[in-house]
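The exercises below are to be worked with the sequence and the 3D structure at hand. Each task is followed by a solution in steps.

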Amino acid sequence: MSSCKESANDQAKSGQSLKWWQLSLLGVACTIGTGYFLGSALAIEIGGPSVLLTFLLAAAGTYCVFDVLAQMTAKSPEQGSFRSYAKKAYGRWAGFSSGWVYWCSELLIMGSQLTALSLFSRFWFPQIPVWVFATGFAILGLIVVIIGNKLFDPLESVAAVIKIAAILMFIVLGSAALFGWLSGGIQPQMPLSPGSLFPNGLTGAWAALLFSFYAFGGIEVMGLMALRLKEPKEAPKAGRTMILLLAVIYVISLFLVVSIAPWRGFGTKESPFIQALDTYNLPFIPHIMNGVLIVAGFSTMVASLYAVTTMLITLAQDKDAPPLFAKKVKKRFPVFSFGMTAAALCASIILALLLPGTLYEYVTTAAGLMLLFNWTFILITAGKLLKLTTFGQIKRYGGILLILLAITGTLFHSTSRPGFWISFLFIACIGVITWFMHSKIWSKKGKKDQKHKTDKHLIEQLKKDRHRFHSRVRKAKP
């Protein structure tokens, strides 16, 4: 992977190959995935048609986060992206905790994606256990990461085109169903009144906001890949284009889903898009859509693998992880970081084996929350590193408020509440480790380094004093 070259500077010189629109396309590929195609079912189940509003709010919050991340990238491109900026703003503890929170969030996301991919595959093979499919997709994903950017970039670009084409196909078919041009189905019911838009009340919409944010997860991967832009200053343009495109197609497609199908019967065993089309006489379309969902989920899983491995290498290079993970075979392949990622995938597969019924809901909630914790820190970091205008500060605080709403909303629903405590456990563990490292190791090392610098300074001063003394003695001789 080009993101795993010897140093950030080397990478900046040799790996800057992307144009802004290519980064937008990669961003779409890294974002549209199981969080949208299956996670939206959770949002609909909890909030009903109010997801149309929550997805707009999530798009606004996502833009606030990427806007400051892109500004920091344009100002000072760094290999570790948001983690490096956190360290620059608040010190080593911030970079350490930010990096490990993100690493853990991506692990949870991979578990969610593997489970979703397995559920999609069971649409065709319902008798095969979830863990079998999870194992197969994990092996394929690892192969893509081993081959590197030569396969990763074309795969993600093609996947982006397939995803957008599939969503446009659904929008065309959904519109035809809405106007009564398709046989079968139900009488379309557009959610235009307050009662139909908020059937589960404001608390339902509040609880659904997290899963709307989860569908936009992937912008931080764009931050990691922005280092490869030919013009880093074009990162904001790439992000604005991507988020606007996602917001439009998300809201239109979800409007059709809740209008043409009995959404109250939706579950997380199938994508809501397939469940909506199942009610019409379209024998082949659901199968085509399911194939697209698998491509979409697989591409986002590979992006997560890419991000997890890259972040672990960066942590190791900064000595915030064991240096072993920074080592590469033949100066190219990070075998130990890759092995750690593979071990994490094995853990996800074991979870899929032990908790096939509840895994997706719990892990998706925890993954979404961990992601939002990291986004919050990006916004906090920007307040220190950037000289924002008044409007920029309003956007930053607005983004923090929307994220806090999404986090607290999980406490209002029984499905998402366990995920909240899972994420809290991860944060608590990382917090304790960070405190231990700061108080027991980094502070002692800092004192030792300071003492070494002081001793070195005293020795240099003594040498200078001795030199002055001898000079005076020589001058004093007759």
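**Exercise 1.** Is Cys 64 buried or exposed?

Solution. The model is predicted, so local features need pLDDT of at least 70 and side-chain atom pairs count only at pLDDT 80 or more, while totals for chains, interfaces and linings use all residues. Residues are numbered from 1 along each chain as its sequence is written, and side-chain values use heavy atoms, with hydrogens and water left out.
- Step 1: the classes are buried (under 20% relative accessible area), exposed (over 50%) and partly exposed in between, with a 1.4 Å probe and protein chains only.
- Step 2: Cys 64 has a relative accessibility of 10% and therefore counts as buried.
- Step 3: for another cysteine, Cys 346, the relative accessible area is 45%, so Cys 346 is partly exposed.
- Step 4: a disulfide is a pair of cysteine sulfur atoms within 2.5 Å; the structure holds zero of them.

**Exercise 2.** Describe the surroundings of Lys 395.

Solution. 
- Step 1: locate the residue. Lys 395 belongs to helix α18, residues 390-409; helices are DSSP runs of H or I with at least four residues, strands are runs of E with at least two, and both are numbered from the N terminus.
- Step 2: classify it. Lys 395 counts as buried because its relative accessibility is 18%.
- Step 3: list its contacts (heavy atoms within 4.5 Å). Leaving out residues up to four places away in sequence, Lys 395 touches Tyr 63, Cys 64 and Asp 67.
- Step 4: look for a polar contact, meaning a pair of N or O atoms within 3.5 Å; within protein, one must be able to donate a hydrogen and the other to accept it, and residues adjacent in sequence count only if both atoms are side-chain atoms. The side chains of Lys 395 and Asp 67 make one at 3.0 Å.

**Exercise 3.** Which residues of α8 are buried, and how are they arranged?

Solution. 
- Step 1: the buried residues are Val 130, Phe 133, Ala 134, Phe 137, Ala 138, Gly 141, Leu 142, Val 144 and Val 145.
- Step 2: viewed down the axis of α8, these residues fall within an arc of 165°, so they line one face of the helix. The arc is that of the directions from the helix axis to the C-beta atoms.
- Step 3: just after α8, Gly 148 has a positive phi of about 95°.

**Exercise 4.** Compare Lys 319 and Asp 320 in the loop between α15 and α16.

Solution. 
- Step 1: the loop joins α15 (285-317) to α16 (335-354) and contains Lys 319. Asp 320 lies in this loop too.
- Step 2: Lys 319 is exposed, with a relative accessible area of 60%, whereas Asp 320 is buried at 5%.
- Step 3: most residues other than glycine have a negative phi. Lys 319 is not a glycine, yet its phi is positive, about 60°.
- Step 4: the side chains of Asp 320 and Arg 92 are joined by a polar contact of 2.9 Å.
- Step 5: beyond neighbours within four places in sequence, Asp 320 is in contact with several residues, among them Arg 83, Trp 100 and Trp 442.
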